[in-house]
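I am opening my notebook on a new structure today. Come along while I look things up one by one.

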Amino acid sequence: MAKNTCIICQIIGNSIPSKKIYEDEMVLAVLDVNGANPGHCFVMPKNHYPIIEQVPDIEIGRLFQVSNKISSAIFEALGAQGTNIFVANGIPAGQTVAHFMINVIPRKENDGINLQWQPRQLGEEEMSTVELKLKEQTKNMGHFEKEEKRPKVQVPKPVIFSEEEEEYFTRQMGRLP
Amino acid sequence: MAEQNISPEQLKALQEKIKQMSPEELKEFQKKQCIFCQIIAGKVQSKKIYEDEKVLAILDINPANPGHVLLMTKEHYSIMPQIPDEDISHVFMAAKSLSNSMLRSIDAQGTNIIVANGIAAGQRAQHFMAHVIPRKEKDGVDFVLPQKAMEQQEIESIGNKLVAALGGAVEKEDAKAQIPVPKKEEPKKEGKGINLDDISKLLGAK
């Protein structure tokens, strides 16, 4: 999905109203008004990245720090018995919007949410195969970009003038000799 | 856990003891009981996928899907709100990297990253961890997130409570909010809102 049709980018750009919970130059957190529980928040990067792989490490760090602060606020201010941090990457994982986001969900017992799974029993061989394959990929892992590089945030700012402004300009133009 | 077969009297005595512990003592106590601390110390075997100075990632022995990884801090924390910001960044940079690895190595078509804080949220281990779960279409993993519509009044009141708890920084769209950074190594203030130690105690002393 292109950036200008992304509903999240439109929320970030204020062309779709939202209840903002937290905002800084990199991150916006809003209340999900159709949430799994009242207080369910979305935490998203202001830059448009469809999936987690594209989000720079430094922004990942900030996004999850903010999510953690919101999780604490949910405990403190809403008296939740628990919180979930939930991310879906890719349609098979349940991702529905092409803009990376973190769900922070207040929990109470028997609230109808299910983030559990049926535990599977794998054979020793299958476990070892998976282990080797994953390790092959993770052996070069660990070079995280932690320095504050201050990436440029590109908040889509509409340069469309309102009717009054346009009128003003026209009038100004009219005054020119 | 070790204390599963103890008598009600012993349990009561234990609960009393836990109540009187300082946060440091409690942490030490939990650490001793914690199977994941033993895995980190190498006393219990595991299939390690990634390790550095701050985190360890192992294969879940009862996975949702093959390749399901448990990513944990080496330091013992019961729940996420106890973890310092710097370590939070590190953990989730690692989670992102693990997610990428799954897409590349084991034909995952997607991934989920899940953290549960508190028993009500489905937390079972008494050691903070993030689950990174490889996903495929129709893999039988079915997470249910119902949609509950909120009234406008509720949106305002809940939203404002959260904004206030976060430092009340969001007023206007151009407000330059900052994450309230806790002063380094500030001694824990008791009695403010919910006590996170109580939540971790529940996990530790269940």
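I began with a definition: a residue is buried if 20 or more other C-beta atoms lie within 10 Å of its own, exposed if 12 or fewer, and partly exposed in between, with C-beta atoms placed from the backbone. I kept in mind that this is a predicted model, where local features need pLDDT of at least 70, side-chain atom pairs count only at pLDDT 80 or more, and totals for chains, interfaces and linings use all residues. Residues are numbered from 1 along each chain as its sequence is written, while chains are lettered from A and ligands numbered from 1 in the order in which they are written.

**Entry: two positive phi values.** I looked up A:Asn14, a residue other than glycine with a positive phi near 70°. I found A:Asn14 in the loop between α1 (7–12) and β1 of chain A; helices (H or I, at least four residues) and strands (E, at least two) are DSSP runs, numbered from the N terminus. B:Lys138 sits in the loop between β5 (129–135) and α5 of chain B, and counts as exposed because it has 6 C-beta neighbours inside 10 Å.

**Entry: helix α5 of chain B.** I listed its buried residues as B:Ile158, B:Gly159, B:Leu162, B:Val163 and B:Ala165. What covers the buried residues includes β1 (20–23), β2 (27–31) and α2 (57–78) of chain A.

**Entry: where the chains touch.** I noted 75 residues from chain A and 75 residues from chain B in the contact (C-beta atoms, placed from the backbone, within 7 Å). On the side of chain A, α2(A) gives the largest share, 16 residues. I also saw β4(A) run antiparallel to β4 (residues 110–117) of chain B, joined by 7 bridges; strands pair if DSSP finds at least two bridges between them. In β4(B), B:Ile114 is the bridge partner of A:Phe86.

How values were computed. Two residues are in contact if their C-beta atoms, placed from the backbone, lie within 7 Å.
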